[in-house]
Amino acid sequence: MSSKIDPITRSVVQHRLSSIVREMGEAMLRTSYSQILNSSRDFSLAICDTRGRLIAQADHIPVHVGALPWATLAVEERFKDVAPGDVILLNDPYQGGGSHLPDVTAFVPVFDGGKRLLWTIVRAHQSDIGGATHGAYNPGATEIYQEGIRIPPIKLYEAGKPREDLLDLLALNIRNPREFRGDLAAMLGAAHLGERRVAKLFSEFGADTVEAAIEAILDATEQQTRAVVSTWKDGVFHGEALLDDDGHGRTDIRISAKVTKKGSDIEVDLSGSDPQSTSFVNSSHANMQAAVAMAFAYLIDADIPKNTGALRPLKVIAKQGTIVWADPGRPVTLCTSHPSNEIVEAIIKAMASSCPNRVMGGWGRRFRIAIQGEDPRNGRNFIWHMFQARPGGGASIGGDGYSSIGEWHTVGGLKFGSIEVAEVRFPLHFRQHEFRPDSGGDGQHRGGLGVALDMVLETQKPAKGNTAGDGARHGPCGMLGGKDGEPHRYRLLSEGREPRVLRTKEVGIELRPGDCLEVRSSGGGGWGPPSRRSADARARDAAQGLVSKAV
Amino acid sequence: MYTIGVDVGGTYTDLVATDQTGRTVFAKSPSTPADQSVGVMAGLDELARRLGVTRAAMLAATDRLVHGTTVATNALLERKGAKVALLTTEGHRDVVEMREGLKPDRYDLRTPPPEPLVPRERRFGVRERLKADGSAAIPLDAAALGDVIAEVKRSGANSVAVCFLHGYLNPAHELAAVERLAKELPDVSVSRSSDVLPQIKEYERVSTTIVNAYVQPTVQRYLTNLERSLTEAGFKGSLFVVLSHGGMAPVEEASRLAAGTVLSGPAGGISGSRRCAEMLGIPDLVPFDMGGTSTDISLISDGQASLSADGMLAGQRIALRSLDIASIAAGGGSIASVDTSRTLRVGPESAGSVPGPACYGNGGLAATVTDANVVLGYLDAAAFMGGARPLDRAASEAAVDRIAEALQLSRIEAAAGIAKMINLKMADGIRLMTLRRGVDPRKFALLSFGGAAGMHAAEVARELEIRRIIVPTVASVLSAWGMLTSDLRYEVSRTHYGTGRISADEVRALFAALEQQAAGRLRSWFRGEIAIERSAEMRYGEQVFEIDVPLGELDLSAADLVAQIEDRFHRRHEELYTYASRGQEVVFVNARVAAVGKVAPGGRDVGEVTSAAACAPRGKRQAWLGGWREVPVYALDDLRPGHALTGPAIIEAETTTVLVDTGDRMTVNPLGWLDITLR
């Protein structure tokens with residue numbers, strides 16, 4: 001069938017679909033209400049077909065995208081009677097193919113005549129999703145019920161008519177309903193925009209042609225991927241990475257990857273990973289699949305389209321009941337960052353001997369802070385999530401790592417936004433926000449630097465803080481002889497109290513007006529032995545104040 | 001009276017003059033990269049000669065000279081701008097290198113970060129801090145400022161960017177720093193963020209200010225020299241520079257906002273293309289401007305080119321409004337080479353105008369695309385530049401032979417390979433502007449212009465299944481011609497600070513002040529009629545991105561003015577994003593005014609359609625079209641509206657050559673332009 005499609009048509013359809021998801025992303029960015037979306041871009045867009053195959057995606061947050069096919073399958077299983085004008089919403093990792101509860105996903109079907117062919121999909125991280133703590137991350141949770149409201153696939157719109165009762169139900173369970181409604185409107189707007197554009201594509205080329213072009217795109221992408229993989233060394237390779245702790249007394253939780261590479265096929269087996277936890281560091285199934293896909297995507301060529309075709313050479317094996325695939329009912333909120341980062345790192349480490357020129361030093365871990373308080377300038381409540389102080393990226397054969405760039409699961413896709421805008425919107429004062437010297441892992445190529453942030457709380461009433469993350473014990477790994485990056489180190493400075501090191505999983509931190517958060521985020525891992533670093537590069541590091549120690 | 005357009009390209013400087021009768025004359029002269037004004041003055045000599053007057057007489061009778069320059073572009077692309085230092089708020093000197101935590105290409109984890117224009121050792125923190133309401137949390141520390149200025153001096157920087165947090169709201173600290181710099185480092189040029197881009201969001205502001213500081217000394221030096229040379233040569237009119245947004249401004253303004261000239265060159269081409277679209281009645285065109293060193297590709301859709309403030313050039317964020325253009329570093333002068341794996345490459349190196357292709361005989365030995373075209377028989381060595389600069393055919397052959405030898409191919413196979421490679425590269429550039437944005441190029445006509453486009457347009461179009469090519473008679477100088485149709489444009493904006501809903505009086509006061517400022521400024525350069533374009537940047541309460549809401553035809557005196565503006569916002573939001581939230585709070589952020597001085601478009605020569613009869617070729621020559629063919633050669637000057645032919649044919653004009661491929665059908669339209677339909 002695909003042979004009938006001429007290369008120009010295939011190219012037009014392929015680029016049109018990716019420009020549609022890009023346009024959906026622009027709409028999302030520009031219309032959403034909460035800072036986590038309109039500044040930090042914690043959302044993703046995709047087009048999947050009715051078989052749950054990923055056809056096109058926008059390069060926002062890699063860890064979202066690989067999970068969307070699983071959510072699509074859950075929707076297909078639940079609803080056999082989808083009509084034009086329907087909108088389906090979900091977030092549940094066990095009943096809806098979701099990753100974790102704050103990631104709410106909207107699906108809009110695209111029809112050609114009476115035939116339903118594709119979904120335009122928007123997944124966005126909500127600033128709050130109910131549950132025991134504000135801001136969705138609850139280190140104390142031992143059951144998913146404590147993490148927020150669970151939404152199985154539901155029809156939020158039926159034939160173009162919104163179910164206001166359902167909307168009210170959701171909004172009532174969320175702390176900042178106004179923002180939630182604004183963000184939901186933005187999500188639906190973006191999905192509908194995509195629907196219109198895809199419908200136009202059908203009318204322009206005919207649905208048959210578009211469908212045939214899609215098959216041809218997926219096949220071509222598979223071939224392209226296999227050609228790359230077949231150049232790597234065959235063998236069975238092992239790698240592992242450690243989570244600091246689960247916040248409930250367990251430390252050094254191991255993620256173990258056994259990778260079998262043969263010809264153009266790759267099999268990743270995570271079944272040797274440690275058992276599941278009582279806390280939110282567990283991964284859901286969809287998220288584990290997404291993390292493996294993400295690691296693979298980093299090793300193949302950057303310009304290969306990231307669709308189902310690219311993932312065909314990849315086989316994933318895992319065991320339910322382990323940290324990478326928890327039993328139903330377990331809490332999972334941290335999973336899109338942890339253990340996602342550790343899953344990626346274990347796989348990349350394993351592949352160091354198979355394709356050394358493609359692996360990179362470890363990228364930073366996520367260590368978040370959310371603050372809830374009252375803005376004295378307008379008396380309104382606010383919830384602020386920290387996206388500043390991005391950690392450093394790993395070094396590679398190409399050179400030193402990026403500084404202030406992000407984690408394995410975001411890799412420069414999360415924007416920390418303008419500090420000026422943050423100061424206008426929140427009662428916060430950013431005293432310092434600069435590179436953190438000496439944080440990048442040494443090596444022939446140095447890991448990128450983390451950031452030193454000192455931020456003062458300018459409320460009149462006390463506020464509450466939560467942390468959620470990892471990477472204060474273990475820094476991002478060095479690769480092929482490179483050194484690890486410095487781990488995170490956050491402290492709370494409060495007048496009249498001893499400075500206190502913040503743990504990565506804390507609830508209800510008491511913050512007083514004038515308190516200063518002293519954040520030092522991790523650097524990235526180095527690549528290659530430090531003995532091979534050039535004298536020029538070392539002199540430059542010193543002149544720029546990036547490295548203070550004499551080596 | 002004459003109006004003159006001058007477009008300095010990488011290889012040639014193009015000039016066009018029109019007079020009141022609509023008579024249009026053009027000239028071409030080699031560019032002089034070391035000092036572009038030398039080439040401009042030489043070109044003016046040539047232009048005067050063609051008008052049959054002396055240069056002094058021509059310049060004395062010229063009221064307006066419009067100039068597109070690539071001085072800023074080249075400085076940025078080649079990293080040959082000023083040595084810049086940055087003065088910024090203490091504790092925040094890495095804003096520009098952090099890029100808000102973003103990097104391009106999510107899945108490329110092996111490309112290292114780009115070098116910032118200002119390395120960390122020249123980014124200095126100054127002790128001062130404004131708060132979000134504009135008040136000073138820490139007053140500007142005079143002693144600390146003095147220390148930093150001493151360090152700037154030691155660093156050897158010759159240009160300084162000043163950008164403090166919240167400086168868009170209260171420029172006091174920036175102004176004080178600038179004053180002190182002027183006193184202590186009088187020879188150093190200074191760019192201030194609250195002047196360059198007085199808008200919230202520090203990354204965009206600091207990056208744009210740094211780019212301004214980086215290109216300003218070069219731009220200013222160049223424009224000042226040019227203005228002096230022109231005055232000395234007898235020019236008494238006004239010199240205008242085309243800006244990246246397609247409007248034009250006087251030298252003083254272009255020097256102040258030098259970062260706004262980075263697309264000055266290609267912007268003329270877009271103005272010209274838009275004018276072509278209008279004259280042809282074809283609203284959808286892909287302007288394809290292939291010159292010697294670079295090729296510019298843009299898109300005219302529905303008769304319009306798009307403007308945005310999302311621009312990047314050479315990896316630098318420039319948040320000033322500009323036209324949407326893709327530039328490829330390849331053209332007729334691109335050099336062919338063979339790498340160690342015996343693979344043929346074309347570019348990115350270019351022979352430029354000095355030494356130029358081998359056939360120029362200026363000592364260039366490398367085989368260029370132009371040399372391949374000579375070998376293939378497309379270019380007539382003897383007739384080049386109207387015979388004024390005959391080409392050395394033997395030199396082309398020798399250069400192409402070196403490539404052929406390395407590839408173990410015949411001479412002609414090597415030449416055809418070079419042509420194929422450059423054509424694929426050009427097609428890729430067009431894909432970037434069309435396919436990658438989801439636009440199907442097949443519905444567009446290719447507007448072929450620039451000296452080198454005519455020989456490649458057919459193959460490039462075929463690659464993309466574009467079926468129609470238009471070659472205007474002014475093809476080789478279209479950018480310069482387009483500059484004559486640019487409007488004068490001065491843009492200002494102001495942020496509305498206030499809480500709650502804006503009042504009608506506040507709207508009126510904002511626009512009145514902006515209009516006075518913009519029109520007053522424009523009035524000092526321009527005597528004609530001034531049109532005012534108003535728009536507002538607005539958003540819903542919690543959003544952070546504003547949308548630009550055009551406020552044309554709005555009655556500012558209306559009682560329900562604010563409601564009308566809000567209604568336009570809701571409608572625009574719905575148009576763009578499929579929904580409006582009419583119950584929600586609407587915030588009026590920026591008022592924006594453009595004062596536009598409309599310039600009468602140049603005259604047009606509409607010929608008469610004589611007949612559909614074929615016209616007689618001037619001769620024949622051997623050209624390679626997959627095999628050697630005897631191809632008839634026509635002079636563009638002989639062609640009249642209504643003439644038609646079927647390829648193969650070569651159409652020669654003084655400054656460009658057009659290849660009509662076998663089976664392609666060419667007609668001459670009523671404007672005298674070539675209209676080619678591919679087989």
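The model is predicted, so to speak of a local feature takes pLDDT of at least 70 and side-chain atom pairs count only at pLDDT 80 or more, while totals for chains, interfaces and linings use all residues. Residues are numbered from 1 along each chain as its sequence is written, and chains are lettered from A and ligands numbered from 1 in the order in which they are written.

**Chain A domains**

- Chain A is assigned domain 1 (2-222) and domain 2 (360-551), with bounds from an automatic or database domain assignment.
- Taken over C-alpha atoms, the centres of these domains of chain A are 31 Å apart.
- In chain A, 21 residues of domain 1 contact 21 residues of domain 2 (C-beta atoms, placed from the backbone, within 7 Å).
- On the domain 1 side of chain A, helix H2 (35-38) and helix H3 (62-65) each bring at least two residues to that contact; helices (H or I, at least four residues) and strands (E, at least two) are DSSP runs, numbered from the N terminus.

**Chain B sheet**

- An open, mixed sheet of 8 strands in chain B runs E19-E14-E13-E22-E23-E34-E33-E30, where pairing takes at least two DSSP bridges between two strands.
- Strand E19 (326-328) and strand E30 (644-646) of chain B sit at the edges, each pairing on one side only.
- Neighbouring strands are turned by 20 degrees on average, direction ignored (axes are lines fitted to C-alpha atoms, for helices over the stretch in contact; angles run from 0 to 180 degrees between N-to-C directions).
- E30(B) pairs antiparallel with strand E33 (residues 665-668) of chain B over 3 bridges, and Ala644(B) stands opposite Thr667(B) in E33(B).

Note on methods
Two residues are in contact if their C-beta atoms, placed from the backbone, lie within 7 Å.
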